[in-house]
Amino acid sequence: MKKTLYLMRHGQTLFNKMRKIQGFCDSPLTEDGIKQAQRVGEYFKNIDLDHFYSSTSERCCDTLELITENKPYIRLKGLKEMNFGAYEGESEDLNPKRPEDYETFFVPHGGESIDEVRDRMVKTCTEIMDKEDHNIVLAVSHGGACYHFLRAWQDPREELEKGFGNCSIFKYEYMDKSFKLVEVIRLEF
């Protein structure tokens, strides 16, 4: 039986606006981020979601609470953003310039490798979707984490070129422990 996972990025945060590296560290949603989440709530109004999950980061929890109007959900550390170690909270100008340079860049500075993030996300999302009564699930995560999850199933470059803006929604079909990207929903804000 095919199941559906909606995996999405949180709304805009203060650090997004300030161009600060934000992984395990956190910052609140901006007014625009709140409006984005509310707009996504309208999108999901006619979709019969049966379970809700969020990264433990405040920005994801707040986004999900706005979307669902405070329905019960489960917070999972496995959905967290990549740990950028000593680079957390620093200027995005310090990030590597090419995606391939990210592979292990942050590891010597107390962060994670991209494969660690990918494997953590695959394990977490598979465990969620393997639950018997989980057919149409919404999980709120982070841009980098969503990218590395996508990387496990296909070459992500084409989608990356289109951008993973705040509140981008990745719709996946799940069957036999495998995810297939159906579409990326990029709402107008």
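Which residues in α5 are buried? In α5 (143-151), the buried residues are G143, A145, C146, Y147, H148, F149 and L150, where buried means under 20% relative accessible area, exposed means over 50% and partly exposed lies in between, with a 1.4 Å probe and protein chains only. The model is predicted, with local features requiring pLDDT of at least 70 and side-chain atom pairs counted only at pLDDT 80 or more, while totals for chains, interfaces and linings use all residues. Residues are numbered from 1 along each chain as its sequence is written, and side-chain values use heavy atoms, with hydrogens and water left out. Helices (H or I, at least four residues) and strands (E, at least two) are DSSP runs, numbered from the N terminus.

**Sheet**

- Six strands form an open sheet of mixed pairing in the order β3-β2-β4-β1-β5-β6, two strands being paired if DSSP finds at least two bridges between them.
- At the edges stand β3 (74-76) and β6 (178-185), each of which has a single partner strand, so one side of each is left without a neighbour in the sheet.
- From one strand to the next, the twist averages 25°.
- Strand β2 (residues 51-55) pairs with strand β4 (residues 136-141) in the parallel sense over four bridges, and Y53 stands opposite A139 in β4.

**Helices and the sheet**

- Helix α3 (residues 58-68) lies across β1 (3-9), β2, β3 and β4 and runs at about 155° to β2; axes are lines fitted to C-alpha atoms, for helices over the stretch in contact, and angles run from 0 to 180 degrees between N-to-C directions.
- Helix α4 (residues 114-129) packs on the sheet, where it touches β1, β2, β3, β4, β5 (169-175) and β6, and its direction makes about 135° with that of β1; contact here means heavy atoms within 4.5 Å.
- In α3, the buried residues are R59, C60, C61, T63, L64, I67 and T68, and their cover includes β1, α2 (31-44), β2, β3 and β4.
- Seven of the nine residues of α5 are buried, so this helix is largely enclosed by the rest of the structure; what covers its buried residues includes β1, α4, β4, α6, β5 and β6.

**Nonpolar cores**

- A nonpolar core is a set of buried Ala, Val, Leu, Ile, Met, Phe, Trp, Tyr and Cys residues joined through side-chain atoms within 4.5 Å; the largest has 30 residues, of which L5, L7, M121, F149, F170, Y172 and F179 touch the most other members.
- At least two residues of this core come from each of β1, α4, β4, α5, β5 and β6, and the largest share, seven residues, comes from α4.
- Not counting residues up to four places away in sequence, Y172 touches K3, T4, L5, L7, C146, F149, L150, W153, F179, K180, L181 and V182.

**Aromatic and charged contacts**

- A search of the whole structure finds 15 aromatic pairs; rings of Phe, Tyr and Trp (its six-membered ring) pair if their centres lie within 6.5 Å, with planes under 30 degrees apart counted as stacked, over 60 as edge-to-face and the rest as tilted.
- Y6 and F44 form an edge-to-face pair, at 5.1 Å centre to centre and 85° between the planes; Y6 lies in strand β1 and F44 in helix α2, so the pair ties together parts that are 38 residues apart in sequence, and both Y6 and F44 are buried.
- The rings of W153 and F179 have centres 5.4 Å apart and planes at 55°, so this pair is tilted; W153 sits in the loop between α5 and α6 (157-162) and F179 in strand β6, 26 residues apart.
- W153 is partly exposed, with a relative accessible area of 27%, whereas F179 counts as buried at 3% relative accessibility.
- F84, Y87, Y102, F105 and F106 are linked into a cluster by ring pairs.
- K80 lies over the face of F24, at 4.7 Å from the ring centre; a charge sits over a ring if NZ of Lys or CZ of Arg is within 6 Å of the ring centre and within 35 degrees of the ring normal.

**Positive phi values**

- Most residues other than glycine have a negative phi.
- R19, in the loop between α1 (14-18) and α2, has a positive phi near 60° and is partly exposed, with a relative accessible area of 40%.
- K177, in the loop between β5 and β6, has a positive phi of about 60° although it is not a glycine, and K177 is exposed, with a relative accessible area of 52%.
- Just after α3, E69 takes a positive phi of about 55°.
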